[in-house]
Amino acid sequence: MESWDVDGVRARVREMAARDPERARFGADTHGYELTPPLPAAEIRAFEETHGIELPAEYRSFVATVGNGPAGPCHGVMPLTVPRPEAGEEWAVDGEWEEDRLPGRLAAPFPLAEPLPGRIGARADALSRGTLMLAERGCGIFVRLILNGPRAGEIWQFDPDWGGCVPVSPGFRAWYTDWLDGH
């Protein structure tokens, strides 16, 4: 398992919160620099078995040892096994979260072998199979973790209206630590 410096991550998040009391940094007003407790290994295994997947080690380790969101990039890291406490406020992110949990969706093959930059004509849900939505940037732009195929473990941004489907990080650890470092 890919280990995290749990105390170091939590200390850095507390430091970020202390330096941003007005929650002015993008997404801070949504995630509030809060980390929920980690998930028990049995709950993570049950999720993987239910969906016929194996979560990439960096992400799996994060939710097992650091927390199950939300403090993180964009509007925060989405929870793995239960909806956000605020779900039902009609945010697109909640619908996207629910759609990911439809039978067979996460285990489906990721349909892209290469990035697809620019405006795309296909519906994003057809291109996001085999991925787990990690965060929302806003305006229908989602950050997703590729779960299977040659790109498994990579983080991609899905912006069908303007930016297409493109990689933004080689993995969860790099994506999250870039946020911790202020990038």
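Colleague: Hi! Where in the chain does S128 sit?
Modeller: S128 is in the loop between α6 (124–127) and β2 (131–138). The helices (H or I, at least four residues) and strands (E, at least two) are DSSP runs, numbered from the N terminus.

Colleague: Before we go on, what kind of model is this?
Modeller: This is a predicted model, in which local features need pLDDT of at least 70 and side-chain atom pairs count only at pLDDT 80 or more, while totals for chains, interfaces and linings use all residues. Residues are numbered from 1 along each chain as its sequence is written, and side-chain values use heavy atoms, with hydrogens and water left out.

Colleague: Good. Is S128 buried or exposed?
Modeller: S128 counts as buried, at 1% relative accessibility. Buried means under 20% relative accessible area, exposed means over 50%, and partly exposed is in between (1.4 Å probe, protein chains only).

Colleague: And which residues is S128 in contact with?
Modeller: Leaving aside neighbours within four places in sequence, S128 is in contact with R105, R144 and F158. Contact here means heavy atoms within 4.5 Å.

Colleague: Which parts of the chain does the Y59 and F172 pair tie together?
Modeller: Y59 lies in helix α4 (residues 57–65) and F172 in helix α7 (residues 172–180), so the pair ties together parts that are 113 residues apart in sequence. Y59 and F172 are both buried.

Colleague: What about the rings of F110 and F158?
Modeller: Their centres are 6.4 Å apart with the planes at 65°, so F110 and F158 form an edge-to-face pair. This pair links distant parts of the chain, with F110 in the loop between α5 (92–100) and β1 and F158 in strand β4 (residues 155–159), 48 residues apart. F158 is buried at a relative accessible area of 2%, and F110 counts as buried at 10%.

Colleague: Which residues do the ring pairs link into a cluster?
Modeller: The cluster holds W4, Y33, Y59, F62, F172, W175, Y176 and W179. One of these, Y33, has a positive phi of about 55° although it is not a glycine.

Colleague: Where does Y33 lie?
Modeller: Y33 lies in the loop between α2 (28–31) and α3 (41–51), and it is buried, with a relative accessible area of 6%. As background, most residues other than glycine have a negative phi, and most peptide bonds are trans.

Colleague: What is the phi of C139?
Modeller: Phi of C139 is near 55°, again a positive value in a residue other than glycine. C139 is found in the loop between β2 and β3 (141–146) and counts as exposed, at 75% relative accessibility.

Colleague: Which residues does the cis peptide bond join?
Modeller: It joins G69 and P70, with omega at about -15°. P70 lies in the loop between α4 and α5.

Colleague: Another proline: what does P117 touch?
Modeller: Not counting residues up to four places away in sequence, P117 touches G163, G164, C165 and V166. P117 is placed in strand β1 (residues 116–117) and is exposed, with a relative accessible area of 59%.

Colleague: Zooming out, what pattern does the chain follow along the sequence?
Modeller: The pattern reads α-α-α-α-α-β-α-β-β-β-β-α, which comes to seven helices and five strands.

Colleague: And what is the radius of gyration of the chain?
Modeller: The chain has 16 Å, which agrees with the value near 16 Å for a compact globule of 183 residues. This radius is taken over C-alpha atoms, and the globule rule is 2.2 Å times the number of residues to the power 0.38. Along the principal axes, the C-alpha atoms fill a box of roughly 45 × 35 × 30 Å.

Colleague: Last one: what share of the residues counts as buried?
Modeller: Of the 183 residues, 49% count as buried. Among contacts between residues at least 6 apart in sequence, 59% join residues at least 24 apart.

How values were computed
Rings of Phe, Tyr and Trp (its six-membered ring) pair if their centres lie within 6.5 Å; planes under 30 degrees apart count as stacked, over 60 as edge-to-face and the rest as tilted.
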